[in-house]
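Morning, everyone. I want to talk through salt bridges today. Here is the model.

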Amino acid sequence: MTSLPPLQEIYDEYELLEGEDRYRLLIDLGRKLEPMPDALKTDATKVRGCSASVWVYPTTVDGRLHFLADSNAAITKGIVALVLSAVQDKPAAEVAKLDIQEALAPFELSSHLSANRTQGVPNMIALVRETAQRIAA
């Protein structure tokens, strides 16, 4: 299973950092993502609207959501990891009710990152939510 830290733990560290160090934290977080097999990096798993290539592949283990994800850009991969740390290995029903956008709000990503780095985030959140709703139903 994944070794992503809980969102609150990431935020506690993020809050103490400035500028470049925040980018480094996101890049390090991206490195903690489980390796995603290249065979899963298909058009079907690609998240639309991202300036970088992002792939997300949902799986379930005992009704809990588990995502494999990757990106060809280090900071984007970190943002992907940040989104997943809010939902990884939680029950689908819980994730379906979670306001992921709200959970990520304290990070103020849009004020620290360029618009093209964050434009795919809503699409990724939508994909996570739709997956959770489908599995929870």
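I'll start with the ground rules, then take the pairs in turn.

This is a predicted model, so local features need pLDDT of at least 70, side-chain atom pairs count only at pLDDT 80 or more, and totals for chains, interfaces and linings use all residues. Residues are numbered from 1 along each chain as its sequence is written, and side-chain values use heavy atoms, with hydrogens and water left out.

How many salt bridges are there? Six, by this rule: a side-chain nitrogen of Lys or Arg within 4 Å of a carboxyl oxygen of Asp or Glu.

Take arginine 24. Its salt-bridge partner is aspartate 21, with the closest N and O atoms 2.7 Å apart. Both sit in helix α2, residues 19-31. They are three residues apart, about one turn of the helix. Helices here are DSSP runs of H or I, at least four residues; strands are runs of E, at least two; both are numbered from the N terminus.

Now lysine 41. Its side chain meets that of aspartate 70 in a salt bridge, 2.6 Å from N to O. Lysine 41 lies in the loop between α2 and β1 (54-61), aspartate 70 in strand β2 (residues 64-71), so this pair ties together parts 29 residues apart in sequence.

Is aspartate 70 buried or exposed? Buried, at 10% relative accessible area. The cut-offs, with a 1.4 Å probe and protein chains only: buried is under 20%, exposed over 50%, partly exposed in between. Lysine 41 is partly exposed at 23%.

Aspartate 70 also forms a salt bridge with lysine 77, at 3.1 Å, N to O. Shared partners join Asp38, Lys41, Asp70 and Lys77 into one network of salt bridges.
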